[in-house]
Amino acid sequence: MGKRRGGRDLARGLSKRQKKHLRDFGEQHPFHDPVSGRPEATQICELSENSDKSSSESDSETEVEQVSVYHKLLATLKTSPESASEEEEDESESEEAEDSETEMDSEGSQETGEADGGEEDKNDVPEQEEAADTAEQTLGQEQADGANTSCDPSHGVIEEFTDVKHESEFSLETNFMEEESGDCSADKRDSSSSQAFSEDPFKQHMDKELEEKEVEKLSTLPKTSSQSKWPRLGQLTFYSTLEKPKTLKAEKEVDMKQLYLHKPLESTWPKVNKEFLSSVNKPSDASFTPLQRELFCIMNTYRDLFYPERNALTNGEEIRHAYCLHALNHVLKANSQVLSNNAKRRDQKPGAANDDYRDQGLTRPKVLMIVPFRECALRIVHVLISLLEVNDKRKIDVSNKKRFKGEFGSDPEEKPPNLKRPEDYEAVFAGNIDDHFRIGVAILQKSMRLYAPFYSSDIIIASPLGMRTIIGAEGEKKRDFDFLSSIEILIIDQADIYLMQNWEHVLHLMKHMNLLPLDSHGVDFSRVRMPNLSNWSKYYRQTLLFSSLQNPQINSVFNKHCFNYVGQVAVHNLPLMGSISHVVVQLPHVFRRLEAENVTSVIDTRFQFFVNKVLPEYRDAVMSHTLVYVPSYFDYVRLRNYFKKEDLNFTHICEYTKKAGVCRARRFFLKGEKQFLLFTERFHFYKRYTIKGIRNLIFYELPTYSHFYSEICNMMKATDSGVDATWTCTVLYSKYDAQKLAAVVGIDRTAQMLQSKKSVHLFVTGENE
């Protein structure tokens with residue numbers, strides 16, 4: 001590489017893009033440095049036989065980074081004419097984007113930071129088509145044991161890594177209770193108590209053996225329901241099939257001994273949860289917040305739970321701590337039972353009956369946690385570690401902790417400092433937001449093993465995309481889902497975010513839960529519970545589903561894929577105040593109802609209603625600056641093709657639009673050069689740009705997130721020109737949008753609007769400003 005030049009001599013004869021780089025950084029970009037014509041000598045490097053094996057070295061060992069021969073070869077290559085022409089095209093496109101950014105008004109400092117600050121790379125929308133192709137390549141490289149994959153963020157390449165070094169230390173088959181716990185005598189004393197066995201919810205749930213008649217009822221009979229109201233959770237609905245649903249009563253105070261927590265958790269939980277507790281907590285209930293107390297009381301009965309009021313800003317971490325406590329309590333009890341029975345089997349006489357020791361599933365994984373981003377997995381592991389550490393002097397041994405922090409952590413300096421986004425956006429997209437990962441965790445009382453092979457793991461933490469790539473599709477050679485056969489607790493956190501990623505991955509996962517494995521995987525069938533052998537595992541699985549909203553697709557998963565014989569509990573609180581109350585501009589809202597025969601015909605009916613009745617009113621040039629908000633990408637493509645066919649003056653922005661295209665579309669729309677702007681919900685979810693110049697607003701469908709309605713309407717406030725009286729807002733809805741409608745206008749108005757078949761006009765005065 002030649003020496004870079006600086007100063008005034010360099011500015012002569014440079015392109016606009018080169019001058020901008022010189023002005024910002026004080027030197028010329030390395031791409032334009034003169035390259036020596038003398039080629040370097042090619043070096044040949046012989047790899048050792050063990051070079052392809054994954055390293056499982058301890059955290060104290062460090063690796064020396066070396067420059068690969070591949071990168072040295074790249075340094076000697078000259079730019080081809082084809083690549084040079086491509087660079088010129090990219091340069092001109094970037095210059096056009098820069099020009100459009102400079103023409104934006106006073107918001108420029110913030111919005112320029114969005115375009116040039118590198119946030120586009122961080123919050124890129126996961127493109128499903130590219131992910132699918134990557135998944136096929138990844139599965140071809142995975143090891144035969146179907147273990148965990150981890151993404152190396154620095155290289156963008158999926159590399160398989162599993163910790164095989166500590167296999168014997170974490171094996172349930174070769175360890176005994178004495179080796180796990182120093183106070184094993186206390187554990188044995190507790191386990192020998194028949195009263196403790198009978199009252200422990202874990203024993204009650206796992207030791208019950210269903211009969212064939214009961215299983216037939218679970219699969220054929222409808223569920224019966226009953227209502228109850230709790231102080232903190234609100235309105236609860238209890239569902240059951242086998243018997244009349246028993247409505248639990250909310251415990252005002254919780255005695256830790258009545259929860260039957262595993263011994264270490266009784267002392268560690270109050271310390272870990274201390275940050276959420278307030279001074280108003282009673283001394284007898286000093287370990288749970290009111291929300292955690294009621295949630296954990298339901299979790300501890302092993303009922304399925306659907307809680308649709310999770311909020312990343314307020315109660316998200318409280319809920320995470322609660323379900324981590326429940327999952328870890330379940331794993332420690334299950335492992336203690338296995339280790340205790342190992343010791344009993346070791347001491348028994350040869351030839352004795354072994355049916356008394358059925359304490360396992362067909363595979364070892366017991367808990368599956370589905371979370372959207374790596375940052376969520378990082379926080380879960382930190383909570384689990386904290387719960388296992390009894391005191392500061394007694395730290396637990398965590399294998400591969402350094403590697404885990406490197407791959408799941410984030411660099412605070414990566415985020416540009418001048419970006420301003422809503423608080424809920426900052427809370428959701430905090431830390432490492434890579435959405436392709438999976439990791440196995442093996443736990444014993446004194447130690448934790450990260451990156452454990454799935455069939456040696458107790459807990460699996462993964463994203464929907466991470467599970468989709470290992471489960472695969474029918475016909476693929478490399479696919480594996482046997483490790484899901486004996487999952488006893490399924491936790492799906494932040495389910496609403498998967499609607500913005502790819503909901504098909506969640507449905508694909510649910511279809512492969514608790515199926516009979518295709519291979520034995522070395523299991524001792526004399527230790528397997530009878531329900532697992534009878535393929536009844538799904539009737540024992542507890543599903544915990546947390547979301548920030550009510551949605552038909554999320555409700556469908558809870559209603560159609562949860563078969564727990566104990567029953568289900570769902571929180572159903574009706575919104576009294578809708579998000580329309582947060583609109584701060586004076587704006588008339590016109591809600592136009594469309595009639596559809598059934599759910600499947602709504603899509604076509606909405607399109608025809610928009611094309612025939614709504615769009616003609618906005619074709620006039622007077623109705624310029626019209627933004628069409630489209631939640632579904634498929635509806636967006638359909639409208640875009642129709643607008644092109646009709647030769648309408650429009651531009652469009654979606655989650656796949658490149659940075660330069662977004663800048664051009666915003667500039668054209670602001671200046672009135674384009675009459676319509678098609679705008680997708682997923683783009684708004686991932687970017688939260690302020691679109692200026694809106695005078696007329698059309699919601700092709702009600703937004704998935706109710707607060708998006710007020711956010712989009714309040715964008716009109718950022719418009720410098722125009723008269724308030726000329727602003728309009730039109731919303732299309734049907735009777736099948738009742739949940740979304742209630743979240744926007746409130747339950748009382750929703751009941752009136754669904755009864756009336758006429759258009760409803762609402763006017764917001766802006767008094768909430």
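In which helix do K203 and D207 both lie, and how many residues apart are they? Both sit in helix 11, which runs over residues 201–207, and they are 4 residues apart, or about one turn of the helix. Keep in mind as you look that this is a predicted model.

Now look at the side chains themselves. Those of K203 and D207 meet in a salt bridge, with N to O at 2.9 Å. The lysine end, K203, is buried at 11% relative accessible area, while D207 is partly exposed at 42%. As for the general idea, side chains of opposite charge can pair when their charged atoms come close.

Helix 17 is the next stop. R403 and E407 are 4 residues apart in this helix (residues 401–408), so about one helical turn separates them. Their side chains form a salt bridge at 3.2 Å, N to O. Here R403 is partly exposed, with 28% relative accessibility, and E407 counts as buried at 9%.

Then there's a pair that reaches across the sequence. D424 forms a salt bridge with R688, and the closest N and O atoms are 2.8 Å apart. D424 belongs to helix 18 (residues 423–428), whereas R688 is in the loop between helix 27 (681–687) and strand 18 (696–699), so this pair ties together parts that are 264 residues apart in sequence. D424 is partly exposed at 22%; R688, at 7%, is buried.

Salt bridges can also share partners: E317, R320, E375 and R379 are joined into one network that way. Overall, the count for the model comes to 23 salt bridges.

How values were computed. Residues numbered from 1 in each chain as written. Predicted model: local features only at pLDDT ≥ 70, side-chain atom pairs only at ≥ 80, totals over all residues. Heavy atoms only, no water. Salt bridge = Lys/Arg side-chain N within 4 Å of Asp/Glu carboxyl O. Helix = DSSP H or I, 4+ residues; strand = E, 2+ residues; numbered from the N terminus. Buried < 20%, exposed > 50% of the residue type's maximum accessible area, 1.4 Å probe, protein only.
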